[in-house]
Amino acid sequence: MSRPPRTRPGRQAGLKARLRTAKGRKTASTRWLQRQHSDSYVAEAKRQGLRSRAAFKLMQLDDRFRLLKPGSSVIDLGAAPGGWTQVSVARSGGRVIAVDLQSMEPVPGALCLTMDLESDDSPARLGAALPDGADVVLSDMAPRTTGHATTDRLRIAALADLAYETARGLLRPGGAFVVKIFQGGMHHDLLNVLKKDFAQVRHVKPDASRKESSELYLVATDFRGAGDATSHSG
């Protein structure tokens, strides 16, 4: 795959196509289909052969923070369907490990591992895949939402904690960590730990994130080293 451009896709004219509401289709489902159909990032992802519109979020984060340097070793947590993995391979050209609970179609240039990060053997498997450690650990993991705000915030906070527990044992000094959170989420303990472990930590919402979405990304750069184990359950 050719290197994705460091640009935001242009506005697509004439995409206000009408979708007929199928018999029995829920209104929310129809709105989702309409949004997908008129979304310029969805159209551009298809044009470029990218597996998801989310690929543009990583492109925009990388444009700003230069995370995926040439030759970087990258771990992509919660990788399926593989959009972030595709971008990581194209932009770094280094060793890329894609990890997800569910199996996914192989991405050329990446090693795809199906595993539960909470399993006892996950540190050993990741260590074997990247014996020299990682320069970048990415997590776009998100839980299945329940509609109950407190429960959903707890779930996303737990996933963010799990992502950093995984990253902390693998990152090399100077490395970077990116993790999805929700606005108003319960990630304060994790944020405090990241501020100790990294030189800089920022809250970022890429342009490719939908305006109505509450998602944000914590972007932590210049890892100082793990040092002693630190608890940061949220």
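The exercises below walk through a predicted model, each with a worked solution. Residues are numbered from 1 along each chain as its sequence is written, and side-chain values use heavy atoms, with hydrogens and water left out. Because the model is predicted, local features need pLDDT of at least 70 and side-chain atom pairs count only at pLDDT 80 or more, while totals for chains, interfaces and linings use all residues.

**Exercise 1. Backbone details**

Solution: 
- Step 1. P81 sits in the loop between β1 (74-77) and α4 (83-92). Helices (H or I, at least four residues) and strands (E, at least two) are DSSP runs, numbered from the N terminus.
- Step 2. Turn to R66, which is not a glycine but has a positive phi of about 50 degrees. With 45% relative accessibility, R66 counts as partly exposed. Buried means under 20% relative accessible area, exposed over 50%, and partly exposed in between (1.4 Å probe, protein chains only).
- Step 3. D222 is not a glycine either, and its phi is positive at about 65 degrees.

**Exercise 2. Helix α2 and what follows**

Task: list the buried residues of helix α2, then look just after the helix.

Solution: 
- Step 1. Helix α2 covers residues 40-48, and its buried residues are S40, Y41, V42, E44, A45 and Q48.

**Exercise 3. Aromatic pairs**

Task: how many aromatic pairs does a search of the whole structure find, and how are the rings of Y41 and F56 arranged?

Solution: 
- Step 1. The search finds five aromatic pairs. Rings of Phe, Tyr and Trp (its six-membered ring) pair if their centres lie within 6.5 Å; planes under 30 degrees apart count as stacked, over 60 as edge-to-face and the rest as tilted.
- Step 2. For Y41 and F56, the ring centres are 5.3 Å apart and the planes stand at 50 degrees, so this pair is tilted. Y41 is in helix α2 and F56 in helix α3, so the pair ties together parts that are 15 residues apart in sequence. Both Y41 and F56 are buried.
- Step 3. W84 and Y217 have ring centres 5.7 Å apart and planes at 35 degrees, so they too form a tilted pair. Since W84 lies in helix α4 and Y217 in strand β7, the pair ties together parts that are 133 residues apart in sequence. W84 counts as buried at 3% relative accessibility, and Y217 counts as buried at 0%.
- Step 4. Finish with a cluster: ring pairs link Y164, F177, F198 and F223.

**Exercise 4. The largest nonpolar core**

Task: which residues touch the most other members of the largest nonpolar core, and which element gives the most to this core?

Solution: 
- Step 1. A nonpolar core is a set of buried Ala, Val, Leu, Ile, Met, Phe, Trp, Tyr and Cys residues joined through side-chain atoms within 4.5 Å.
- Step 2. The largest core has 32 residues, and I75, Y164 and F177 touch the most other members.
- Step 3. Among the elements that each supply at least two residues are β1, α6 (149-168), β5 (171-182) and β7. The most comes from α6, with five residues.
- Step 4. Leaving aside neighbours within four places in sequence, the contacts of F177 include V137, A160, Y164, L194, F198 and L218. Contact means heavy atoms within 4.5 Å.

**Exercise 5. Two helices side by side**

Task: describe how α3 and α4 pack.

Solution: 
- Step 1. Their axes are 7 Å apart and the angle is about 40 degrees. Axes are lines fitted to C-alpha atoms, for helices over the stretch in contact, and angles run from 0 to 180 degrees between N-to-C directions.
- Step 2. The two helices α3 and α4 are therefore oblique to each other. Angles under 35 degrees count as roughly parallel, over 145 as roughly antiparallel, 65 to 115 as roughly perpendicular and the rest as oblique.
- Step 3. Residues of α3 including A55, L58 and L61 meet residues of α4 including W84, V87 and R91.
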